Amino acid sequence: QQMAKLQLSSSVQSEFYLVLDTKNAPIRPFSKESFIHPNGKGFLVSNKLVEELQPPEFDRQWMVDAQKTFGVSLNQGTRVAQCITPFMFHTETVRRMIPQIEASSGMPLSKVL
């Protein structure tokens, strides 16, 4: 499922794309402006500090692996985006991220996820 959401970036022509899961059901009308700020950036829900995250909403090993893959570290006081749907992807970022994941892991995306 995650691979499909990322691979969509190769087919998308827009700057952003929205992914939903089958469990998502809109309860009111929405538009592009519901997910894109007037400054052109996508909205992310980042209401938790890294030190506040606990299982089951947080997989500590996944976070360690992700930090290693992208060469970043999350320190106390860092706000993290919730990776739940609906989720707005920046198309070009995803396109650049896929080869980085593959290079770091030494495997194709389909094997990493």
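Trainee: Phe30 is buried, partly exposed or exposed: which of these, and at what relative accessible area?
Mentor: Keep in mind that this is a predicted model. Buried needs a relative accessible area under 20% and exposed needs over 50%, with partly exposed in between. Phe30 falls in the partly exposed class, and its relative accessible area is 44%.

Trainee: How do the rings of Phe30 and Phe35 pair, stacked or edge-to-face?
Mentor: A pair of aromatic rings is described by the distance of the centres and the angle of the planes. Planes over 60 degrees apart count as edge-to-face. The ring centres of Phe30 and Phe35 are 5.6 Å apart and the planes stand at 85°, so the pair is edge-to-face.

Trainee: And Phe35, is that residue buried or exposed?
Mentor: The limit for buried is under 20% relative accessible area. Phe35 has 17% relative accessibility, so the class is buried.

Trainee: How many aromatic pairs are there by the rule of ring centres within 6.5 Å?
Mentor: Ring centres must lie within 6.5 Å for a pair to count. With this rule, the number of aromatic pairs is 3.

Trainee: How are the rings of Tyr17 and Phe89 arranged, stacked or edge-to-face?
Mentor: Planes under 30 degrees apart count as stacked. For Tyr17 and Phe89 the centres are 5.2 Å apart and the planes are at 20°, so the arrangement is stacked.

Trainee: How many residues apart are Tyr17 and Phe89?
Mentor: Tyr17 is in strand 1, residues 16-19, and Phe89 is in strand 4, residues 87-90. Both Tyr17 and Phe89 are buried. The pair links distant parts of the chain, and the separation is 72 residues.

Trainee: Which residues form one aromatic cluster?
Mentor: Two of the members, Tyr17 and Phe89, are the stacked pair. Phe87 also belongs to the cluster.

Trainee: Now the charged side chains. How far apart are N and O in the salt bridge of Asp21 and Lys5?
Mentor: Side chains of opposite charge can pair when their charged atoms come close. Asp21 is in the loop between strand 1 and strand 2, while Lys5 is in helix 1, 16 residues apart. Both Asp21 and Lys5 are buried. The N to O distance in their salt bridge is 2.8 Å.

Trainee: Which residues are linked with Asp21 in a network of salt bridges?
Mentor: Asp21 has a salt bridge with Lys5. Asp21 also has one with Lys23, where the closest N and O atoms are 3.0 Å apart. The residues linked with Asp21 in this network are Lys5 and Lys23.

Trainee: Is Lys23 buried or exposed?
Mentor: Asp21 has a relative accessible area of 15%, so Asp21 is buried. For Lys23, the limit to pass is over 50%. Lys23 has 63% relative accessibility, so the class is exposed.

Trainee: Where do Arg95 and Glu92 lie?
Mentor: The side chains of Arg95 and Glu92 form a salt bridge at 3.8 Å, N to O. Arg95 is partly exposed at 34%, and Glu92 is partly exposed at 36%. They are 3 residues apart, about one turn of the helix, and both lie in helix 3.

Trainee: Which backbone oxygen does the side chain of Thr91 reach?
Mentor: Thr91 is in helix 3. Thr91 is buried, with a relative accessible area of 2%. At 2.8 Å, its side chain reaches the backbone oxygen of Ser14.

Trainee: What arc do the buried residues of helix 2 cover?
Mentor: The buried residues of helix 2 are Met63, Ala66 and Gln67. They lie on the same side of helix 2, because the arc they cover around the axis is only 100°.

Trainee: What accessible area does the nonpolar patch on the surface have?
Mentor: The patch is formed by Met3, Met107, Val112 and Leu113. Met3 is in helix 1 and is partly exposed at 32% relative accessibility. Together the patch residues have an accessible area of about 310 Å².

Note on methods
Residues numbered from 1 in each chain as written. Predicted model: local features only at pLDDT ≥ 70, side-chain atom pairs only at ≥ 80, totals over all residues. Heavy atoms only, no water. Phe/Tyr/Trp six-rings, centres within 6.5 Å; stacked < 30°, edge-to-face > 60°. Helix = DSSP H or I, 4+ residues; strand = E, 2+ residues; numbered from the N terminus. Buried < 20%, exposed > 50% of the residue type's maximum accessible area, 1.4 Å probe, protein only. Salt bridge = Lys/Arg side-chain N within 4 Å of Asp/Glu carboxyl O. Patch = residues over 30% accessible without salt bridge, like charges linked within 9 Å, V, L, I, M, F, W, Y side chains within 5 Å. Areas by Shrake-Rupley, 256 points an atom, 1.4 Å probe, with all protein chains shown as cover. Arc of directions from axis to C-beta. Polar contact = N/O pair within 3.5 Å; in protein donor to acceptor, adjacent residues only side chain to side chain.
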